[in-house]
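Work through the exercises below with the model open. Try each task before reading its solution.

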Amino acid sequence: MQATSYTFDPATRSGSVLLDDGTPVPFDAAAFDAGGLRLLRPGQRLRIRTEGAGEARRVVFLTLQTFPDPAGDAGA
């Protein structure tokens with residue numbers, strides 16, 4: 001699944017992404033750390049994995065779109 005970086009706080013390593021339909025989905029430090037990134041800028045295209053549905057939906061993995069997802073497309 002793909003999304004666009006929307007917010008990012010480098011102090012907490014958390015933020016949110018926007019899905020292609022404009023829905024914001026939050027991510028925490030664990031999701032950020034799983035992708036091996038050091039920084040995000042608003043507008044960057046990302047490869048993500050999510051869990052949950054509706055208001056409980058959260059990003060559990062994110063990395064740059066050009067980087068591989070070690071789990072493949074499972075869970076996307």
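**Exercise 1.** Classify Arg-13 in this predicted model: is Arg-13 buried, partly exposed or exposed? Then find its salt-bridge partner.

*Solution.* 
Step 1. The relative accessibility of Arg-13 is 33%. Buried needs under 20% and exposed needs over 50%. Arg-13 therefore counts as partly exposed.
Step 2. Look for a carboxyl oxygen within 4 Å of a side-chain nitrogen. Arg-13 forms a salt bridge with Asp-33, at 2.7 Å from N to O.
Step 3. Arg-13 is in the loop between strand E1 (2-9) and strand E2 (14-18), while Asp-33 is in helix H1 (residues 29-34). They are 20 residues apart, so the bridge links distant parts of the chain.
Step 4. Check the partner. Asp-33 has a relative accessible area of 40%, so Asp-33 is partly exposed.

**Exercise 2.** How many salt bridges does the model hold? Describe those of Arg-45 and Arg-49, and classify each end by accessibility.

*Solution.* 
Step 1. The count is three salt bridges.
Step 2. Arg-45 pairs with Asp-20 at 2.9 Å, N to O. Arg-45 belongs to strand E4 (residues 45-51), and Asp-20 to the loop between E2 and strand E3 (24-27).
Step 3. Arg-45 has 28% relative accessibility and counts as partly exposed. Asp-20 has 60% and is exposed.
Step 4. Arg-49 meets Asp-69 in a salt bridge, with N to O at 2.9 Å. Arg-49 lies in strand E4 and Asp-69 in the segment after strand E5 (58-64), so this pair ties together parts 20 residues apart in sequence.
Step 5. Arg-49 has a relative accessible area of 17%, so Arg-49 is buried. Asp-69 is also buried, at 11%.

**Exercise 3.** Over which ring does the charged end of Arg-49 sit?

*Solution.* 
Step 1. Start from the charged end of Arg-49 and look for a ring centre within 6 Å.
Step 2. The ring is that of Phe-61, and the charged end lies 4.4 Å from its centre.

**Exercise 4.** Describe the aromatic pairs that Phe-8 forms with Phe-27 and Phe-32. Are they stacked, tilted or edge-to-face?

*Solution.* 
Step 1. A pair of rings is described by the distance of the centres and the angle of the planes. The model has three aromatic pairs.
Step 2. Phe-8 lies in strand E1 and Phe-27 in strand E3, so the pair ties together parts 19 residues apart in sequence. Phe-8 is buried at 18% relative accessible area, and Phe-27 is buried at 2%.
Step 3. For Phe-8 and Phe-32, the centres are 4.8 Å apart and the planes are at 35°, so the pair is tilted. Phe-32 lies in helix H1, so the pair ties strand E1 to a part 24 residues away in sequence.
Step 4. Phe-8 and Phe-32 are both buried. Phe-8, Phe-27 and Phe-32 form one aromatic cluster.

**Exercise 5.** Which residues touch the most other members of the largest nonpolar core? Take Ile-48 as a worked case.

*Solution.* 
Step 1. The core has 14 residues. Val-17, Phe-27, Phe-32, Leu-40, Ile-48, Val-59 and Leu-62 touch the most other members.
Step 2. Find the sources. E1, E3, H1, E4 and E5 each supply at least two residues of this core.
Step 3. Ile-48 lies in strand E4. Its relative accessible area is 1%, so Ile-48 is buried.
Step 4. List its contacts, leaving out residues up to four places away in sequence. Ile-48 touches Met-1, Ala-3, Val-17, Leu-19, Val-59, Phe-61 and Leu-62.
Step 5. Check one of these contacts by C-alpha distance. Ile-48 and Leu-19 are 29 residues apart along the chain, and their C-alpha atoms are separated by 9.7 Å.
Step 6. In soluble globular proteins, nonpolar side chains tend to be buried together.

**Exercise 6.** Is Thr-63 buried or exposed, and which backbone oxygen lies 3.2 Å from a polar atom of its side chain?

*Solution.* 
Step 1. Thr-63 is in strand E5. At 1% relative accessibility, Thr-63 counts as buried.
Step 2. The backbone oxygen belongs to Gly-35.
Step 3. Beyond four places in sequence, Thr-63 touches Gly-35, Leu-37, Leu-46, Arg-47 and Pro-68.

Note on methods. Residues are numbered from 1 along each chain as its sequence is written. This is a predicted model: local features need pLDDT of at least 70, side-chain atom pairs count only at pLDDT 80 or more; totals for chains, interfaces and linings use all residues. Side-chain values use heavy atoms; hydrogens and water are left out. Helices (H or I, at least four residues) and strands (E, at least two) are DSSP runs, numbered from the N terminus. Buried means under 20% relative accessible area, exposed over 50%, partly exposed in between (1.4 Å probe, protein chains only). Contact means heavy atoms within 4.5 Å. Rings of Phe, Tyr and Trp (its six-membered ring) pair if their centres lie within 6.5 Å; planes under 30 degrees apart count as stacked, over 60 as edge-to-face and the rest as tilted. A charge sits over a ring if NZ of Lys or CZ of Arg is within 6 Å of the ring centre and within 35 degrees of the ring normal. A nonpolar core is a set of buried Ala, Val, Leu, Ile, Met, Phe, Trp, Tyr and Cys residues joined through side-chain atoms within 4.5 Å. A polar contact is a pair of N or O atoms within 3.5 Å; within protein, one must be able to donate a hydrogen and the other to accept it, and residues adjacent in sequence count only if both atoms are side-chain atoms.
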